[in-house]
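Visitor: Before we turn to the chain as a whole, I would like a careful look at one part of this model and at what surrounds it.
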Amino acid sequence: MTHPLNRPDLQAVPYALPQPPYMSEDLVLQNVLGAALEDDDYWVPATESVSFKPLLLSVSSGYYINLLRVRRSGVLSRHRHNGAVHALVLKGRWYYLEHDWVAEAGAFAYEPPGETHTLFVPQDVDEMITWFHVQGGYTYVDPQGRALGYEDVHSKLEAAARHYRRLGLPDSYLEQFIR
């Protein structure tokens, strides 16, 4: 039997049937590794030195994808994940105090659900930017695991909405990221 990808009669022919009803629209953001990394107002501040840019806020599936930028060294946060996290380091480097590996530019990291760790940016890193895909949410904790705060797609959406409204952007700017 010939594999379907090797059949010339099927290769350059678009799918002929309608897509499923009520399906979300595709999302394509151009130049996210170019202009999106520039220092501009579209980075949503979390603290004075930590900000993020949303790429996808999937409120219907409970996950988000964003670029995280950190402009200081030291402990960023200690947190416990209730879902998996995938990360791709674009600039700088970071590690977890609980592990012996370092994620540096070009590295991919997977963090399993349930893990608690303390994100640390080394002293000689002026700026760290990482692409994160966060499933579910995470709870900020103290060293003994006591909850201090929580973050998920809904809190990210609320923070971005506040920031973009302060900038005077129309709601449609943020809505492009929501699925």
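In which strand is H79 found?

Guide: H79 is found in strand β4, which covers residues 74–81. The model is a predicted one, in which local features need pLDDT of at least 70 and side-chain atom pairs count only at pLDDT 80 or more, while totals for chains, interfaces and linings use all residues. Residues are numbered from 1 along each chain as its sequence is written, and side-chain values use heavy atoms, with hydrogens and water left out.

H79 counts as buried because its relative accessibility is 5%, where buried means under 20% relative accessible area with a 1.4 Å probe and protein chains only. From H79 to P143 the C-alpha distance is 9.6 Å, although 64 residues separate the two in sequence.

A pocket here is an open set of points on a 1 Å grid, fitting a 1.4 Å probe, with protein on both sides within 12 Å along at least five of seven lines, and lining residues have an atom within 4 Å of a point. The space in the largest pocket comes to about 410 Å³ (the volume filled by probe spheres set on the points). Its lining has 26 residues, and L68, Y138, Y140, E151 and K156 lie nearest the centre. By class, this lining holds 15 nonpolar, six polar and five charged residues (Ala, Val, Leu, Ile, Met, Phe, Trp, Tyr, Cys and Pro are nonpolar, Asp, Glu, Lys and Arg charged, the others, Gly among them, polar).

The second largest pocket, with a volume of about 230 Å³, is lined by 15 residues, and V32, A36, K53, Y173 and F177 are the closest to its centre. The lining of the second largest pocket has ten nonpolar, three polar and two charged residues.

Across the protein chain there are three helices and twelve strands (DSSP runs of at least four residues for helices and at least two for strands).

Conventions: Buried means under 20% relative accessible area, exposed over 50%, partly exposed in between (1.4 Å probe, protein chains only).
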